[in-house]
Amino acid sequence: MIIDSQVVLKLDAIDKQLSQALQVLLVQGIEDSQQLQSLQRSLYSIKKIVDDLVNRLSRQNSTKVYIDLQKVLDTLENACIDTLGDSKVLDLFKNALVQYTIVIAYYDLLSDSLVSLPQAYDALDYYNSISASRAKSWYYGLQCMVPRFIKHSYENKTELLRPRMDLIMLRNFQFVGIAKHRNELLTKPWRYLNVLVHLPLSVIRDDLSKKLAVETELVNEHTIKLGELLDDFNSSIDTNEDMDNHISRLSSHLNVEGQPVDSLTRLKLIVLNIKELQEQKPNTLVKKPNFISRNWPVLLVGLLYGPSSIIAVWQSRYKILEFLQHNVVDFVTGLMYNWVYTPLKQVWATVRHDEGSAISVTSQSTLDSEMSSLSRMIVSFVVENSDHRELINENQLISQVEHGDLTQFLKIYETQLSHPIKNIVTGSLVRSLLIQVQKTKVDGSLALNGIDKMLKSQQLVFGILAMSPALAIIYTSFVALKRFVKLGSVWSNIQKYKYRISVSLNNIERIINDFKDTETGAISKGKDEYLKEGLLLIEISTLHELGKKIVPKKRISEWCRDVQELMTHSKSSRQTHLNVVNRIYHVYGRYL
């Protein structure tokens, strides 16, 4: 919680003060006594409770750390001594015991307020949102209609059973009077049609406005008490006079009756009152309607149609299982195997250049065999139809054919075209045409070979692209699971948290601007100022907790440190805190 670090600092300061004082007294010498042993045991017991509290507060928990107040009471009971004499050691131990107990009492009261008051303000926002919306107001009236009617009927059953002939009006869900001008209402009903239509909505909103007025005043009173508690907690606790003042303020806050002289006895009464508050059922200042009141329409529909729906589901259980098997289990299995494992295996084979892993349109030996066949056909044809066979270099001719140079073959072909009928009859021209068909086939194979090379060069890209849809689905599922664990919802609540953080920062800056500094730099105290301090503490606490949900983990410690600086409003000027707000804006703006 937001006050954890301040509590730890207070307790550390008491430890340091006690240690320094003991070092001085040890040099002077200490006389042992029964009273000293009793106080020493009590101080040891309270120190164990304090050390455990410090360890748990240092973990930056978002929830209140509960303290075993019964142990604190037992410790104070064992330390109750009527007279201490003039021993400085006894006074030192007793003062340390009182100081530890005061800090524990302040922590318990402040943490309880920081838990209940934000919930109360959320409930007020809930009622305000209902009052601002016509549809929500109608639904709220429907929610409260049956509980209010039952309660009112039970409380006014005698009045309801009495026969009445007059028209009655409804206000605040209660019968409060008789309508006036009844004759005009009966003779000119169209004038009152609009009133009758909007009467239920007016009644609902009137009830909401009265409820909000009363509960807002109650919440403001507790917020003022929170501001007073915070101001008292920030004050000094070093001297006996300071401790007496703190005990008096705590007693006044808890309405403790009677004022014993001994400080330890007064502290016992304070701790006892706090313990009783803990043991009582949590008393929320303002709360929403209970679950049944808010959801009885839905529950009623569920009771009407739920049994038949359950029977229908049970009768179709095998179809449902088959559907889930086919559309969920098989889908997930196929997704992982066909679209993650297999493409990943192919990518790995491509990186390793395994045999058979290459993508190809034609086989690797097709082009070589077709080119060799074309070379043999052309060499044979040129040799047979050339007048100077002895001058033909077959190796050179094969090299020319492999590079696409068919000059000698085409010369013979052109000669054959001068006597086409003769060469067709002899078969020479037909042979030339078939060789050209083979050449066309080789050209096609060359084109396909180029496509093969391009595919091989991009094979790794194709493998990664094949996995990308499955990886996108897996990533989305992982993000949804992470949001569910961290934010409590599969859908993103980031925008909602950002909106609430923006509202808190705006309220913090507005409240700080409203503070008035005195000449000495301290903030003048009054009822309104305590209200502002309480509101400021609530907004800072809200900002502190919401920021932990959206700020990256590696920066949470920085976030907590910067927000904690807003807590020291009684020790710094207003401009200093505005600078802290500005720093939060420009440092964490990318997350907010």
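**A loop proline, two helices and the open spaces**

Modeller: Let us start with P289, which sits in the loop that joins helix 10 to helix 11 (291–315). Please keep in mind that this is a predicted model.

Colleague: Is P289 buried or exposed?

Modeller: The relative accessibility of P289 is 14%. A residue under 20% is classed as buried. P289 is therefore buried.

Colleague: Which residues is P289 in contact with, leaving aside its neighbours within four places in sequence?

Modeller: The chain brings P289 together with a residue from another part of the sequence: A123 is 166 residues apart from P289 along the chain, and their C-alpha atoms are separated by 9.5 Å. Once neighbours within four places are set aside, the contacts of P289 are Y126, Y127, Y140 and R294.

Colleague: What share of contacts between residues at least 6 apart in sequence joins residues at least 24 apart?

Modeller: This value concerns the protein, which has 22 helices and 2 strands. Of its 592 residues, 35% count as buried. Among contacts between residues at least 6 apart, the share that joins residues at least 24 apart is 74%.

Colleague: How does the reach of helix 10 compare with what is expected, and what is that reach?

Modeller: Helix 10 contains 17 residues. At 1.5 Å a residue, the expected value is 24 Å. From the first C-alpha to the last, helix 10 comes close to that, with a reach of 24 Å.

Colleague: Which elements cover the buried residues of helix 10?

Modeller: The buried residues of helix 10 include S263, L264, R266, L267 and K268. Further along helix 10, I270, V271, I274 and K275 are buried as well. The elements that cover these buried residues include helix 3 (69–79), helix 4 and helix 9.

Colleague: Which helix gives the largest share of the lining of the largest pocket?

Modeller: The largest pocket holds about 1900 Å³ of space. Its lining has 50 residues, and S113, V115, S116, L117 and P118 lie nearest its centre. Elements that give two or more residues to this lining include helix 8 (193–234), helix 9 (240–254) and helix 10 (263–279). The largest share, 14 residues, comes from helix 4.

Colleague: Is K548 buried or exposed?

Modeller: K548 is part of helix 20. Along the chain K548 and C560 are 12 residues apart, with 8.2 Å between their C-alpha atoms. The relative accessibility of K548 is 12%. Since the cut-off is under 20%, K548 counts as buried.

Colleague: Which residues is S428 in contact with, leaving aside neighbours within four places in sequence?

Modeller: S428 belongs to helix 17, which covers residues 428–457. The C-alpha atom of S428 is separated by 8.9 Å from that of Y413, a residue 15 residues apart along the chain. With neighbours within four places left aside, the contacts of S428 are F381, N385, Q416 and N423.

Technical notes. Residues numbered from 1 in each chain as written. Predicted model: local features only at pLDDT ≥ 70, side-chain atom pairs only at ≥ 80, totals over all residues. Heavy atoms only, no water. 1 Å grid on protein atoms, 1.4 Å probe; cavity = no way out; pocket = protein on both sides within 12 Å on 5 of 7 lines; lining within 4 Å. Points joined across faces, edges and corners; volume = space filled by probe spheres on them. Helix = DSSP H or I, 4+ residues; strand = E, 2+ residues; numbered from the N terminus. Expected span 1.5 Å × (residues − 1). Buried < 20%, exposed > 50% of the residue type's maximum accessible area, 1.4 Å probe, protein only. Contact = heavy atoms within 4.5 Å.
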